[in-house]
Number of protein chains: 2
Amino acid sequence: MLFKNIKLIDGNYEVQSDMYVRTKGAFIDYIGKECPEKLDGETVYDGRNKLMMPALYNVHCHVPMTILRGYGDGLPLQRWLNEKIFPFEAKLTGEDVYWTTKLGAMELLASGCASISDMYFFINDMARSLDEAGMKANICHGISSFDPDVKLHEMKGYNDTMQLLKDAKSGVYGAVNADGSDSRIKADMGLHAEYTSNEGLVRQIAEAAAEEKLIVHTHISETQSEHAECKSRQDGRTVVRYFADCGLFKSQVNAAHCVYIEDEDIEIMKAAGANVVHNPSSNLKLGSGIAPVKDYLGKGLKVALGTDGASSNNNLNMFEEIHLAAMISRGITRDANAISAADILKMASYDGAMAQGRTDCGRIAVGNRADIVLIDTDRPHLQPGFDSLSDIVFSAQGSDVVLTMTDGRVVYKDGEYSFIDKERVYAEVKQRFNRIINEL
Amino acid sequence: MLFKNIKLIDGNYEVQSDMYVRTKGAFIDYIGKECPEKLDGETVYDGRNKLMMPALYNVHCHVPMTILRGYGDGLPLQRWLNEKIFPFEAKLTGEDVYWTTKLGAMELLASGCASISDMYFFINDMARSLDEAGMKANICHGISSFDPDVKLHEMKGYNDTMQLLKDAKSGVYGAVNADGSDSRIKADMGLHAEYTSNEGLVRQIAEAAAEEKLIVHTHISETQSEHAECKSRQDGRTVVRYFADCGLFKSQVNAAHCVYIEDEDIEIMKAAGANVVHNPSSNLKLGSGIAPVKDYLGKGLKVALGTDGASSNNNLNMFEEIHLAAMISRGITRDANAISAADILKMASYDGAMAQGRTDCGRIAVGNRADIVLIDTDRPHLQPGFDSLSDIVFSAQGSDVVLTMTDGRVVYKDGEYSFIDKERVYAEVKQRFNRIINEL
């Protein structure tokens, strides 16, 4: 595909005008001011009034929770979980998860997201659903248990993870490399949280992740009470310190939330190359608080962005996270340039891709995978268009996305999906929602 | 116009399904479960997969600043003002203001806003531009002066205000009532701020507003330094206390920002029936802070919402303000239901209309003016649609608006404007932006 006369955000997060960009197979193979030679079967896209930017990487999500959007809204956290979410989730089947994942994929693609890091269950159903939709994903089962004799290798979550890993390595999701590192769908090791596990389980997960060379996806210090209760349970140790003592940071850790981590935690995570995954919407909406991201960045900690699930957000729109991350960093530091627009956008694209171990993704650059988003700038809220980076971060809506491409394939264009039957998905999710409500 | 089989947010901010709503002239004249009799020349709108909600009232805006979107972004406040905004504004002509106002109107209507309270200059050009576009507005000139001998009646801002008031009363903008209270465009009295005026001017403005029975629109305690500096200048008095001593609260006051008002200020404003106008985006983006709105509401203070100008937001999208107001109230109070979805939506509609003195506006109710917005719920991020109020506040984007009606007239529908030439507006604003940049 050849994009002509297009404005773009380049690999250095600078704006270039009147460019030509060509994709070949899954990759970007040309960017320049001159029109390149025509390839056989090439499609040409007129880039006037469009802005090309890297697709977005959502590094903390629970996409099947899309069916729960608005359910129990406004209840305090514990009542919301115990009275609404847990009973509903107990009724979900693998097919339910398949369909609600597809609904989530529609929203994600329509708002420019190429890839998610997701924690839920029925993970092989999720993998199939996302791959069919044209998305990429790092998927894990949120493993939890209080059983003192728990054996990780006998747990469904572990075995589902191993099945997904096997499929990824054997090329079910397009991998060529034997380790599955280039698979569209990859397995991560999921540890739900300190407060839903015991030390034996954490140590087994740490061992297994190191052995299988998997990224660990977990929740850390989301609320003040979680953080304080861990310290009282774990001899004064923070979640990060305790996880470190269990060997978890031998692997790369993507730690969702980190609203309340302490200075020593930052040092541990920084030394281990761990990523904070900042979820501003969810942290605000549930009343958890605001992570001091500018401080983390200043201390050299890596930060990616996530939406969390649609039941605590209530959307999967990464443009909202970009916007909120920029806004609240300025509001709480009282610094009108706390984190620059370019740095926020990089956090949502390149830094997210790196957190997923996708080293050839996340930037508009030759040799990178063609994970591309086009924004229609011919809209009143993007006029006069003086500063495209500022416009993306502060003015754009997810709905300004008119094309999403993953690995060189157009998966969403002008409201239509290449690989999703929209009406079927709506009907399936509504019917399954009503069935579960009636069962409760 | 007859809307059939539509879901709606009723006058009590509750959701009703499968309703009929009829507008006649400027008013809503029927709401019910039964199809009403057909009127001559009636247009029928199929309401399936649509949600009707009250149009939004944006009670603090500087709409002509739309031309400045993204200009000087990231600079600290004083440098931004002195190096970028003030020199640019000094070059603006009345025609420039007319065209950039029109661009702002496009964005406002497309995101469901029926009416703004605006403070700028060339206010009669603004009035013409907004009225032609089909919007309503309370417009004021942001009067300021440090001249110790200043005479309000000789100031351009005052005389422009009186001209606008005269036009409003004489029916230029559709008023039937002799006092102009039902005019589509109304004059407010504008006092820019404590820090851009002296006591003589504030007292003259207070007198004039009381005499002409005008709402006073002003900025109060936006930043901590503004609040502290006022106290040091005004013998320890806060902005609110000082304005009260000058007699300003004899009139209804709409006070933008109020991020740092104190307990006595709240009592003064409450007793006077003044409105806080909360501008969450602007306060975050400029690093001003976060107004404790839940606290204000708990103490019985009235609160409306505003976008502020597009150069400190950077958009005029009231759905963003609704979303942010809900999110940050929860985040800073650590209460997952700090302000309910219904109360936030009421703040953006009915409470805003009341703040503008538009007593027959702001709700979907028989006898109210037909200021109506339709949301297309057939979008992935509004599925499965379990809780429409929550969906509007937490999931909807401004772009989900597919129809905006003011006083019974369709002014925006499916991306098209009834009374605006979109291409002309884009071209005029770009050309005027470039002219000014070249002059600087």
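Author: Happy to! Buried area here is the accessible area, taken with a 1.4 Å probe, that two parts lose on being put together, summed over both. Please keep in mind that this is a predicted model.

By that definition, chain A and chain B bury about 4900 Å² between them, and 55% of this area lies on carbon and sulfur atoms. In terms of residues, 59 from chain A are in contact with 59 from chain B.

What about polar partners? Between chain A and chain B there are 33 residue pairs in polar contact, counting pairs with both residues at pLDDT 80 or more. The count of salt bridges between chain A and chain B, on the other hand, is 0.

Now for the pieces of chain A that build its side of the interface. The elements giving two or more residues to the side that touches chain B are helix 2 (94-110), helix 9 (280-285), helix 11 (318-333), helix 14 (388-395) and helix 15 (422-439) of chain A. Helix 11 of chain A provides the largest share, with 7 residues. Sorted by type, the residues on this side of chain A comprise 21 nonpolar, 23 polar and 15 charged.

Helix 3 of chain B (residues 123-133) is mostly covered, with 8 of its 11 residues buried. Among these buried residues are B:Ile123, B:Met126 and B:Leu130. The buried residues of helix 3 pack against several elements of chain B, including helix 2 (94-110) and helix 4 (156-169).

Technical notes:
Residues are numbered from 1 along each chain as its sequence is written. Chains are lettered from A and ligands numbered from 1 in the order in which they are written. This is a predicted model: local features need pLDDT of at least 70, side-chain atom pairs count only at pLDDT 80 or more; totals for chains, interfaces and linings use all residues. Side-chain values use heavy atoms; hydrogens and water are left out. Buried means under 20% relative accessible area, exposed over 50%, partly exposed in between (1.4 Å probe, protein chains only). Helices (H or I, at least four residues) and strands (E, at least two) are DSSP runs, numbered from the N terminus. Contact means heavy atoms within 4.5 Å. A salt bridge is a side-chain nitrogen of Lys or Arg within 4 Å of a carboxyl oxygen of Asp or Glu. A polar contact is a pair of N or O atoms within 3.5 Å; within protein, one must be able to donate a hydrogen and the other to accept it, and residues adjacent in sequence count only if both atoms are side-chain atoms. Ala, Val, Leu, Ile, Met, Phe, Trp, Tyr, Cys and Pro count as nonpolar, Asp, Glu, Lys and Arg as charged, and the others, Gly among them, as polar.
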